[in-house]
Amino acid sequence: MTSPLRALRLRARRSLDPAHYDYYAGGAGDERALGENERAFARLALLPRILRGAERRDTTVALFGDRAAMPVIVSPTAFHRLAHPQGERAVARATAAAGTILTTGMAATTPVAAVVDAARSERPDAAVWFQLYLQPEPEVTEALVRRAEKAGCSALVVTVDSPVFGRRERDERHGFHDLPAGLAAENMRDLPGTGPGGLRAIAMSPASSWDDLRRLRSMTALPVLLKGVLHPEDARLAVAEGVDGLIVSNHGGRQLDAAPATVEALPRIADAVAGRIPVLLDGGVRRGSDAALALALGATAVGVGRPVLWGLAADGEKGVRQVLDLLHTEFDHTLALCGGRSPADLTRDMVVTRGRPAG
Ligand code: FNR
(Lines give C-alpha, C1' and ligand atoms only; values in the text may rest on other atoms or scores of the structure.)
Protein backbone atom coordinates (compact mmCIF):
# COMPACT_ATOMS: atom_id res chain seq x y z
CA MET A 1 0.00 0.00 0.00
CA THR A 2 1.28 3.43 -0.87
CA SER A 3 0.43 6.07 1.71
CA PRO A 4 -0.71 9.47 0.37
CA LEU A 5 2.51 11.02 1.62
CA ARG A 6 4.64 8.41 -0.08
CA ALA A 7 2.71 8.98 -3.30
CA LEU A 8 3.54 12.69 -3.04
CA ARG A 9 7.19 11.88 -2.49
CA LEU A 10 7.22 9.76 -5.63
CA ARG A 11 5.59 12.59 -7.57
CA ALA A 12 8.14 15.00 -6.16
CA ARG A 13 10.91 12.68 -7.21
CA ARG A 14 9.64 12.67 -10.78
CA SER A 15 9.43 16.45 -10.91
CA LEU A 16 12.81 17.26 -9.33
CA ASP A 17 16.30 17.26 -10.78
CA PRO A 18 17.86 14.07 -9.29
CA ALA A 19 20.60 16.07 -7.55
CA HIS A 20 17.96 18.24 -5.87
CA TYR A 21 15.78 15.28 -4.94
CA ASP A 22 18.79 13.64 -3.31
CA TYR A 23 19.69 16.88 -1.52
CA TYR A 24 16.23 16.90 0.07
CA ALA A 25 15.90 13.17 0.66
CA GLY A 26 19.39 12.32 1.79
CA GLY A 27 21.15 12.16 5.11
CA ALA A 28 24.67 11.89 6.46
CA GLY A 29 26.91 8.85 6.12
CA ASP A 30 25.03 5.57 5.87
CA GLU A 31 21.73 7.37 6.52
CA ARG A 32 21.19 5.37 9.70
CA ALA A 33 19.79 8.27 11.70
CA LEU A 34 17.60 9.20 8.74
CA GLY A 35 16.13 5.71 8.46
CA GLU A 36 15.85 5.14 12.19
CA ASN A 37 13.79 8.29 12.72
CA GLU A 38 10.93 6.66 10.79
CA ARG A 39 11.57 3.07 11.88
CA ALA A 40 11.57 4.02 15.57
CA PHE A 41 8.00 5.32 15.25
CA ALA A 42 7.02 2.04 13.60
CA ARG A 43 8.41 0.13 16.59
CA LEU A 44 6.07 1.95 18.97
CA ALA A 45 2.39 1.37 19.62
CA LEU A 46 -0.40 3.21 21.40
CA LEU A 47 -2.67 1.62 23.98
CA PRO A 48 -5.97 3.37 23.33
CA ARG A 49 -8.19 4.32 26.25
CA ILE A 50 -11.88 3.44 26.10
CA LEU A 51 -15.24 4.80 27.24
CA ARG A 52 -13.91 8.24 28.01
CA GLY A 53 -16.92 10.18 26.80
CA ALA A 54 -14.77 12.21 24.43
CA GLU A 55 -17.31 13.39 21.91
CA ARG A 56 -15.69 16.70 21.01
CA ARG A 57 -12.04 17.13 20.27
CA ASP A 58 -9.78 20.14 20.15
CA THR A 59 -6.38 19.64 18.50
CA THR A 60 -5.05 23.16 19.04
CA VAL A 61 -1.87 23.81 20.99
CA ALA A 62 -0.40 27.01 22.42
CA LEU A 63 3.30 27.62 21.83
CA PHE A 64 5.16 30.69 23.13
CA GLY A 65 2.14 32.92 22.69
CA ASP A 66 1.23 31.52 19.27
CA ARG A 67 -1.56 29.08 18.59
CA ALA A 68 -1.45 26.19 16.16
CA ALA A 69 -4.55 24.36 14.97
CA MET A 70 -2.69 21.08 15.47
CA PRO A 71 0.46 19.97 17.25
CA VAL A 72 2.27 19.67 13.92
CA ILE A 73 4.33 22.63 12.73
CA VAL A 74 6.73 23.17 9.84
CA SER A 75 10.45 22.67 10.53
CA PRO A 76 13.00 24.84 8.75
CA THR A 77 14.31 23.39 5.50
CA ALA A 78 16.61 25.09 3.04
CA PHE A 79 16.16 26.25 -0.55
CA HIS A 80 12.44 25.90 -1.31
CA ARG A 81 12.78 27.54 -4.70
CA LEU A 82 14.69 24.49 -5.88
CA ALA A 83 11.43 22.61 -5.46
CA HIS A 84 8.98 25.14 -6.89
CA PRO A 85 9.20 28.67 -8.32
CA GLN A 86 6.90 29.97 -5.55
CA GLY A 87 9.19 28.35 -2.99
CA GLU A 88 8.90 29.65 0.57
CA ARG A 89 5.95 31.89 -0.31
CA ALA A 90 3.88 28.86 -1.31
CA VAL A 91 4.86 27.07 1.90
CA ALA A 92 4.03 30.18 3.95
CA ARG A 93 0.54 30.53 2.46
CA ALA A 94 -0.24 26.82 2.80
CA THR A 95 1.00 26.70 6.40
CA ALA A 96 -0.99 29.79 7.35
CA ALA A 97 -4.09 28.35 5.67
CA ALA A 98 -3.63 25.11 7.58
CA GLY A 99 -3.59 27.17 10.79
CA THR A 100 -0.15 26.15 11.92
CA ILE A 101 3.31 27.66 12.48
CA LEU A 102 6.05 27.99 9.89
CA THR A 103 9.73 28.08 10.76
CA THR A 104 11.58 29.84 7.99
CA GLY A 105 15.34 30.00 8.10
CA MET A 106 18.63 31.47 7.21
CA ALA A 107 18.88 29.17 4.22
CA ALA A 108 15.57 30.27 2.70
CA THR A 109 15.65 31.35 -0.95
CA THR A 110 13.10 34.08 -0.09
CA PRO A 111 13.79 36.89 2.42
CA VAL A 112 12.12 36.48 5.79
CA ALA A 113 10.03 39.65 5.39
CA ALA A 114 8.50 38.31 2.17
CA VAL A 115 7.82 34.96 3.83
CA VAL A 116 5.97 36.63 6.72
CA ASP A 117 4.02 38.80 4.26
CA ALA A 118 2.95 35.74 2.29
CA ALA A 119 1.80 33.99 5.47
CA ARG A 120 -0.13 37.07 6.69
CA SER A 121 -1.75 37.57 3.27
CA GLU A 122 -3.39 34.21 3.88
CA ARG A 123 -4.12 34.67 7.58
CA PRO A 124 -3.39 37.98 9.32
CA ASP A 125 -2.41 36.36 12.61
CA ALA A 126 -0.23 33.65 11.05
CA ALA A 127 2.87 32.89 13.11
CA VAL A 128 6.31 32.59 11.56
CA TRP A 129 9.43 31.67 13.51
CA PHE A 130 12.98 32.31 12.33
CA GLN A 131 15.73 29.66 12.42
CA LEU A 132 19.35 30.69 12.59
CA TYR A 133 22.79 29.32 13.17
CA LEU A 134 24.99 31.36 15.53
CA GLN A 135 27.52 33.06 13.28
CA PRO A 136 31.19 33.44 14.22
CA GLU A 137 30.75 37.24 14.22
CA PRO A 138 28.15 38.34 16.82
CA GLU A 139 27.26 41.40 14.72
CA VAL A 140 26.15 39.13 11.88
CA THR A 141 23.98 37.08 14.25
CA GLU A 142 22.55 40.30 15.64
CA ALA A 143 21.73 41.65 12.17
CA LEU A 144 19.83 38.43 11.43
CA VAL A 145 17.93 38.69 14.72
CA ARG A 146 16.92 42.29 13.93
CA ARG A 147 15.83 41.23 10.45
CA ALA A 148 13.61 38.50 11.88
CA GLU A 149 12.16 40.85 14.52
CA LYS A 150 11.47 43.55 11.96
CA ALA A 151 9.76 41.04 9.66
CA GLY A 152 7.39 40.11 12.49
CA CYS A 153 8.69 36.69 13.51
CA SER A 154 7.48 35.60 16.93
CA ALA A 155 10.26 33.20 18.00
CA LEU A 156 13.88 32.37 17.23
CA VAL A 157 14.99 28.81 16.66
CA VAL A 158 18.72 28.40 17.14
CA THR A 159 20.03 25.25 15.51
CA VAL A 160 22.80 23.82 17.67
CA ASP A 161 23.41 20.42 16.08
CA SER A 162 25.69 21.75 13.34
CA PRO A 163 29.08 22.83 14.68
CA VAL A 164 30.32 21.64 11.28
CA PHE A 165 28.45 20.58 8.14
CA GLY A 166 27.23 16.98 7.96
CA ARG A 167 28.79 14.80 5.31
CA ARG A 168 26.11 13.91 2.81
CA GLU A 169 27.40 11.39 0.36
CA ARG A 170 24.53 11.80 -2.09
CA ASP A 171 25.50 15.46 -2.51
CA GLU A 172 29.13 14.50 -2.93
CA ARG A 173 28.20 12.00 -5.64
CA HIS A 174 26.21 14.62 -7.54
CA GLY A 175 28.74 17.35 -6.89
CA PHE A 176 25.84 19.40 -5.45
CA HIS A 177 27.37 22.18 -3.39
CA ASP A 178 25.88 25.42 -4.67
CA LEU A 179 22.53 26.84 -5.61
CA PRO A 180 21.92 27.32 -9.33
CA ALA A 181 22.32 30.84 -10.74
CA GLY A 182 19.45 33.11 -9.77
CA LEU A 183 18.84 31.49 -6.37
CA ALA A 184 20.48 32.50 -3.11
CA ALA A 185 20.06 32.31 0.65
CA GLU A 186 18.34 35.71 0.61
CA ASN A 187 18.57 36.38 4.33
CA MET A 188 22.34 36.41 3.98
CA ARG A 189 22.26 39.56 1.83
CA ASP A 190 23.35 42.99 3.08
CA LEU A 191 24.79 41.78 6.37
CA PRO A 192 27.78 43.38 8.08
CA GLY A 193 30.94 42.83 6.09
CA THR A 194 29.48 42.85 2.59
CA GLY A 195 28.87 45.63 0.12
CA PRO A 196 25.31 46.58 -0.90
CA GLY A 197 23.44 43.51 -2.15
CA GLY A 198 26.39 41.29 -1.25
CA LEU A 199 25.86 37.77 0.06
CA ARG A 200 27.58 36.14 3.00
CA ALA A 201 27.98 32.39 3.18
CA ILE A 202 26.17 30.65 6.04
CA ALA A 203 28.98 29.76 8.41
CA MET A 204 29.04 26.91 10.88
CA SER A 205 30.71 27.91 14.12
CA PRO A 206 32.30 25.08 16.09
CA ALA A 207 33.62 27.66 18.57
CA SER A 208 30.09 28.60 19.71
CA SER A 209 29.36 28.10 23.38
CA TRP A 210 26.73 28.92 26.00
CA ASP A 211 28.34 32.38 26.18
CA ASP A 212 27.23 33.03 22.60
CA LEU A 213 23.77 31.84 23.43
CA ARG A 214 23.66 34.20 26.41
CA ARG A 215 24.71 37.02 24.13
CA LEU A 216 21.89 36.14 21.74
CA ARG A 217 19.43 36.00 24.63
CA SER A 218 20.45 39.47 25.70
CA MET A 219 19.91 40.79 22.16
CA THR A 220 16.23 40.02 21.94
CA ALA A 221 12.99 39.70 23.82
CA LEU A 222 11.75 36.98 21.47
CA PRO A 223 11.38 33.44 22.82
CA VAL A 224 14.48 31.38 22.01
CA LEU A 225 14.27 27.68 21.19
CA LEU A 226 17.26 25.38 20.82
CA LYS A 227 16.96 22.92 17.95
CA GLY A 228 19.01 19.76 17.91
CA VAL A 229 19.12 18.76 21.58
CA LEU A 230 19.61 15.03 22.20
CA HIS A 231 21.51 14.78 25.50
CA PRO A 232 19.41 15.15 28.68
CA GLU A 233 22.21 17.08 30.39
CA ASP A 234 22.07 19.71 27.62
CA ALA A 235 18.33 19.92 28.15
CA ARG A 236 18.96 20.64 31.86
CA LEU A 237 21.60 23.25 31.02
CA ALA A 238 19.27 24.89 28.52
CA VAL A 239 16.53 25.22 31.15
CA ALA A 240 19.05 26.68 33.59
CA GLU A 241 20.15 29.17 30.92
CA GLY A 242 16.60 30.41 30.52
CA VAL A 243 15.98 28.93 27.07
CA ASP A 244 12.25 29.03 26.27
CA GLY A 245 11.87 25.73 24.43
CA LEU A 246 13.74 22.72 23.05
CA ILE A 247 13.46 20.82 19.81
CA VAL A 248 14.65 17.23 20.02
CA SER A 249 16.11 16.78 16.56
CA ASN A 250 18.94 15.09 14.70
CA HIS A 251 18.48 17.45 11.74
CA GLY A 252 16.54 14.79 9.86
CA GLY A 253 19.60 12.51 9.93
CA ARG A 254 21.71 15.04 8.05
CA GLN A 255 24.35 15.77 10.69
CA LEU A 256 25.60 13.07 13.10
CA ASP A 257 24.71 9.76 11.49
CA ALA A 258 25.36 7.93 14.76
CA ALA A 259 22.65 10.00 16.47
CA PRO A 260 19.65 8.09 17.82
CA ALA A 261 16.15 8.27 16.44
CA THR A 262 14.58 11.39 17.89
CA VAL A 263 11.53 9.64 19.32
CA GLU A 264 13.92 7.35 21.23
CA ALA A 265 15.81 10.32 22.66
CA LEU A 266 12.63 12.16 23.62
CA PRO A 267 11.60 10.46 26.89
CA ARG A 268 14.91 11.21 28.64
CA ILE A 269 14.79 14.82 27.50
CA ALA A 270 11.21 15.14 28.68
CA ASP A 271 12.25 13.71 32.06
CA ALA A 272 15.17 16.13 32.33
CA VAL A 273 12.97 19.12 31.48
CA ALA A 274 10.14 17.93 33.74
CA GLY A 275 7.56 20.23 32.20
CA ARG A 276 9.48 23.45 32.88
CA ILE A 277 9.56 24.45 29.20
CA PRO A 278 7.92 22.98 26.08
CA VAL A 279 9.77 20.20 24.30
CA LEU A 280 9.20 19.74 20.58
CA LEU A 281 10.51 17.00 18.30
CA ASP A 282 11.18 16.55 14.62
CA GLY A 283 12.47 13.73 12.47
CA GLY A 284 10.56 10.93 10.79
CA VAL A 285 7.03 12.18 11.46
CA ARG A 286 5.04 10.83 8.50
CA ARG A 287 1.61 10.14 10.01
CA GLY A 288 -0.70 11.80 12.48
CA SER A 289 -0.16 8.74 14.66
CA ASP A 290 3.59 9.51 14.78
CA ALA A 291 2.71 12.94 16.14
CA ALA A 292 0.43 11.28 18.70
CA LEU A 293 3.24 8.96 19.83
CA ALA A 294 5.64 11.87 20.28
CA LEU A 295 3.05 13.82 22.26
CA ALA A 296 2.37 10.82 24.47
CA LEU A 297 6.12 10.63 25.15
CA GLY A 298 6.27 14.24 26.26
CA ALA A 299 6.40 16.51 23.20
CA THR A 300 4.11 19.54 23.02
CA ALA A 301 4.29 19.52 19.22
CA VAL A 302 6.25 17.98 16.36
CA GLY A 303 7.80 19.45 13.23
CA VAL A 304 7.85 18.07 9.71
CA GLY A 305 10.62 18.77 7.23
CA ARG A 306 10.68 16.57 4.16
CA PRO A 307 6.91 15.95 3.90
CA VAL A 308 6.48 19.67 3.22
CA LEU A 309 9.19 19.58 0.56
CA TRP A 310 7.46 16.66 -1.16
CA GLY A 311 4.15 18.49 -1.20
CA LEU A 312 5.83 21.61 -2.52
CA ALA A 313 7.72 19.84 -5.31
CA ALA A 314 4.72 17.75 -6.31
CA ASP A 315 2.06 20.44 -6.35
CA GLY A 316 3.24 23.79 -4.97
CA GLU A 317 1.06 25.49 -2.37
CA LYS A 318 -1.72 22.97 -2.92
CA GLY A 319 0.64 20.08 -2.27
CA VAL A 320 1.86 21.57 1.01
CA ARG A 321 -1.72 22.21 2.09
CA GLN A 322 -2.56 18.60 1.27
CA VAL A 323 0.31 17.33 3.45
CA LEU A 324 -0.63 19.51 6.42
CA ASP A 325 -4.35 18.78 6.16
CA LEU A 326 -3.63 15.09 5.95
CA LEU A 327 -1.50 15.16 9.10
CA HIS A 328 -4.18 17.18 10.88
CA THR A 329 -6.95 14.74 9.91
CA GLU A 330 -4.82 11.76 10.87
CA PHE A 331 -3.84 13.28 14.21
CA ASP A 332 -7.45 14.09 15.05
CA HIS A 333 -8.51 10.58 14.04
CA THR A 334 -5.79 8.98 16.18
CA LEU A 335 -6.84 11.14 19.12
CA ALA A 336 -10.45 10.01 18.65
CA LEU A 337 -9.42 6.35 18.47
CA CYS A 338 -7.42 6.79 21.69
CA GLY A 339 -10.38 8.28 23.52
CA GLY A 340 -8.75 11.70 23.79
CA ARG A 341 -10.32 15.15 23.70
CA SER A 342 -7.15 17.15 23.46
CA PRO A 343 -3.44 16.57 22.88
CA ALA A 344 -2.88 16.55 26.67
CA ASP A 345 -4.88 13.30 26.89
CA LEU A 346 -2.03 11.44 25.18
CA THR A 347 0.18 10.21 28.01
CA ARG A 348 3.26 8.09 28.40
CA ASP A 349 1.46 5.10 29.91
CA MET A 350 -0.25 4.69 26.55
CA VAL A 351 3.00 3.93 24.69
CA VAL A 352 4.40 0.40 24.38
CA THR A 353 7.09 -1.19 22.23
CA ARG A 354 5.95 -3.66 19.58
CA GLY A 355 7.20 -7.22 19.89
CA ARG A 356 7.65 -6.88 23.63
CA PRO A 357 5.07 -7.84 26.26
CA ALA A 358 3.78 -4.68 27.91
CA GLY A 359 4.22 -4.13 31.63
C1 FNR B 1 16.80 20.51 6.83
N2 FNR B 1 16.87 20.85 8.19
C3 FNR B 1 17.34 22.10 8.54
N4 FNR B 1 17.36 22.45 9.86
C5 FNR B 1 17.81 23.68 10.23
O6 FNR B 1 17.80 23.97 11.41
N7 FNR B 1 18.24 24.56 9.28
C8 FNR B 1 18.24 24.28 7.95
O9 FNR B 1 18.64 25.10 7.13
C10 FNR B 1 17.80 22.99 7.56
N11 FNR B 1 17.79 22.63 6.25
C12 FNR B 1 17.28 21.41 5.86
C13 FNR B 1 17.20 21.09 4.52
C14 FNR B 1 16.63 19.89 4.12
C15 FNR B 1 16.55 19.57 2.67
C16 FNR B 1 16.13 18.99 5.09
C17 FNR B 1 15.48 17.70 4.70
C18 FNR B 1 16.22 19.31 6.43
C19 FNR B 1 16.37 19.92 9.23
C20 FNR B 1 14.90 20.12 9.47
O21 FNR B 1 14.65 21.32 10.15
C22 FNR B 1 14.31 19.00 10.35
O23 FNR B 1 15.09 18.86 11.52
C24 FNR B 1 14.23 17.65 9.65
O25 FNR B 1 13.93 17.80 8.28
C26 FNR B 1 13.16 16.82 10.31
O27 FNR B 1 13.11 15.56 9.79
P28 FNR B 1 12.06 15.09 8.64
O29 FNR B 1 10.70 15.61 8.98
O30 FNR B 1 12.59 15.63 7.35
O31 FNR B 1 12.17 13.61 8.75
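A residue counts as buried if 20 or more other C-beta atoms lie within 10 Å of its own, as exposed if 12 or fewer do, and as partly exposed in between; C-beta atoms are placed from the backbone. Phe 79 has 21 C-beta neighbours inside 10 Å, so it is buried. This is a predicted model: local features need pLDDT of at least 70, side-chain atom pairs count only at pLDDT 80 or more, and totals for chains, interfaces and linings use all residues. Residues are numbered from 1 along each chain as its sequence is written.

Start with the whole chain. The protein chain holds 12 helices and 12 strands. Helices (H or I, at least four residues) and strands (E, at least two) are DSSP runs, numbered from the N terminus. The radius of gyration is 19 Å, close to the 21 Å that the globule rule gives for 359 residues, so the chain is as compact as a globular protein of that length. That radius is taken over C-alpha atoms, and the globule rule is 2.2 Å times the number of residues to the power 0.38. Along its principal axes, the C-alpha trace spans about 65 × 45 × 45 Å. Buried residues make up 50% of the 359 residues. Two residues are in contact if their C-beta atoms, placed from the backbone, lie within 7 Å. Of the contacts with a separation of 6 or more, 75% join residues 24 or more positions apart.

Now go inside. In soluble globular proteins, nonpolar side chains tend to be buried together. A nonpolar core here is a set of buried Ala, Val, Leu, Ile, Met, Phe, Trp, Tyr and Cys residues joined through C-beta atoms within 7 Å. The largest such core has 105 residues, and Leu 246, Ile 269 and Ala 294 have the most contacts inside it. Helix H12 (residues 306-337) gives the most to this core, with 12 residues. Take Leu 246. Leaving aside neighbours within four places in sequence, Leu 246 is in contact with residues including Leu 225, Leu 226, Val 229, Ile 269 and Val 273.

In H11 (residues 288-296), 9 of the 9 residues are buried, so the helix is largely enclosed by the rest of the structure. Gly 298 follows H11, with a positive phi near 120°. Helix H3 (residues 32-42) is a partner. Its buried residues are Ala 33, Leu 34, Glu 36, Asn 37, Ala 40 and Phe 41. They pack against strand E1 (44-46), H10 and H11.

Next comes the ligand. There are 23 residues around the ligand, and Ser 75, Thr 159, Gly 252, Gly 305 and Arg 306 come nearest. A residue is near a molecule if its C-beta atom, placed from the backbone, lies within 6 Å of it. The shell divides into 7 nonpolar, 12 polar and 4 charged residues.

One position carries a database annotation. UniProt, in an unreviewed entry, lists His 251 for "active site". UniProt positions are given in the numbering used here, feature names are shortened, and annotations may be inferred rather than shown by experiment. His 251 sits in the loop between strand E9 (245-248) and helix H10 (262-273). With 23 other C-beta atoms within 10 Å, His 251 is buried. Beyond four places in sequence, its contacts are Asp 161, Ser 162, Gly 166 and Gly 228.

Pro 232 belongs to helix H9 (residues 232-240). It has 16 C-beta neighbours inside 10 Å, so it counts as partly exposed. Outside four places in sequence, Pro 232 is in contact with Arg 268, Ile 269, Asp 271 and Ala 272. Ile 50 is found in the loop between E1 and E2. It counts as exposed because it has 6 C-beta neighbours inside 10 Å.

Finally, look at two phenylalanines in loops. Phe 64 lies between strand E2 (61-63) and strand E3 (66-68). Its phi is near 55°, a positive value in a residue other than glycine. Phe 64 is partly exposed, with 17 other C-beta atoms within 10 Å. Phe 79 is found in the loop between strand E4 (72-74) and helix H4 (87-97). Its phi is also positive, near 55°.

Methods: Ala, Val, Leu, Ile, Met, Phe, Trp, Tyr, Cys and Pro count as nonpolar, Asp, Glu, Lys and Arg as charged, and the others, Gly among them, as polar.
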